[in-house]
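Here are my notes from going through the model. Have it open while you read, and check the points against it.

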Amino acid sequence: MEWTRTDTIALAASQCTHCHGLGLRLGKRGGSSPCSCVMRTIFRACYRRFRECASKEKSMTQVSLEYSGGQARRNTWGRKDEEYMADFLLVSKRTLTPKQYEIFKFHFLLGANNVLCCARLKMDKGTFFHQVYRIEESLGRVFRELRPFALFPLDEYFKGSKPEDLSELRMRKVVQMERTHEPLSSMVPLKKAA
Ligand SMILES: [Zn+2]
């Protein structure tokens, strides 16, 4: 995905010394890339939503009608909160290294603070916070760049899939099948190359 200032400026940390609140950093070859403060903002927004979904009573989660593509053009009922939580966990597990996932699990999923995590994972405080930053950055980027349906922006995710999105997805699948001569088994989130 091509990141522009429009994508980043509202998400950048105003005090950031790397991007000075613009959210983009200039590369050595003249190009620009999104700043890590933007990625961390995205991760934290997605994580906050994950916790909200997880803390809801099951009876309170909404069932919503969603457009489903294909020739039959059927609509299906889905539980968006549960889908979101499953996507959040699945994408995180696929993206992180086993060591990072261990930290992610203890700190973000089980809620252990830095003291408990450092003792359990046998690491010093500096290393722990460095790893947490790396995790937030990697996941923030993947949550935003995930195709066909990104986890962020959250309002777009929760709005559901639109017919235009699905026609674009179908087109992409056809192109990919032509390139690889292999059928795509399902609409699984694509892992971003490390
Ligand atoms: Zn920044």
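How many helices and strands does the secondary structure of the protein come to?

1. The protein comes to eight helices and four strands. Helices here are DSSP runs of H or I with at least four residues, strands are runs of E with at least two, and both are numbered from the N terminus. Reading from the N terminus, the order is α-β-β-α-β-β-α-α-α-α-α-α.

2. Some housekeeping: this is a predicted model, where local features need pLDDT of at least 70 and side-chain atom pairs count only at pLDDT 80 or more, while totals for chains, interfaces and linings use all residues. Residues are numbered from 1 along each chain as its sequence is written.

3. On burial, 23% of the 194 residues count as buried. The cut-offs go by other C-beta atoms within 10 Å of a residue's own: 20 or more is buried, 12 or fewer is exposed, in between is partly exposed, with C-beta atoms placed from the backbone. As for contacts (C-beta atoms, placed from the backbone, within 7 Å), among those between residues at least 6 apart in sequence, 50% join residues at least 24 apart.

4. Have a look at H2, residues 36-55. This helix has 20 residues and spans 28 Å from first C-alpha to last, close to the 28 Å expected at 1.5 Å a residue; the expectation is 1.5 Å times one less than the number of residues. Its buried residues include Cys37, Met39, Ile42, Phe43, Cys46 and Phe50. The buried residues of H2 pack against H1, strand E2 (32-34), H3, helix H6 (125-145) and helix H7 (154-159).

5. How do H2 and H3 (residues 80-95) pack? Their axes are 10 Å apart, at an angle of about 130°. Axes are lines fitted to C-alpha atoms, for helices over the stretch in contact, and angles run from 0 to 180 degrees between N-to-C directions. H2 and H3 are therefore oblique to each other, since under 35 degrees is roughly parallel, over 145 roughly antiparallel, 65 to 115 roughly perpendicular and the rest oblique. On the H2 side the contact is made by Cys46, Arg49, Phe50, Cys53 and Ala54, and on the H3 side by Asp81, Tyr84, Met85 and Phe88. An α-helix has 3.6 residues a turn, so residues three or four places apart point the same way.

6. Proline 34 sits in strand E2. With 25 C-beta neighbours inside 10 Å, proline 34 is buried. Leaving out residues up to four places away in sequence, proline 34 touches Trp3, Thr8, Gly23, Leu24 and Met39.

7. Now for some backbone checks. Most residues other than glycine have a negative phi, and most peptide bonds are trans. Histidine 20 has a positive phi near 55°, and so does lysine 122, again near 55°. Histidine 20 lies in the loop between H1 and E1, and lysine 122 in the loop between helix H5 (114-121) and H6. Which peptide bond has omega near 5°? That is the cis bond from arginine 147 to proline 148. Another cis bond joins phenylalanine 152 and proline 153, with omega about 0°. Proline 148 is in the loop between H6 and H7, and proline 153 is in the loop between H6 and H7.

Definitions and conventions
Contact = placed C-beta atoms within 7 Å.
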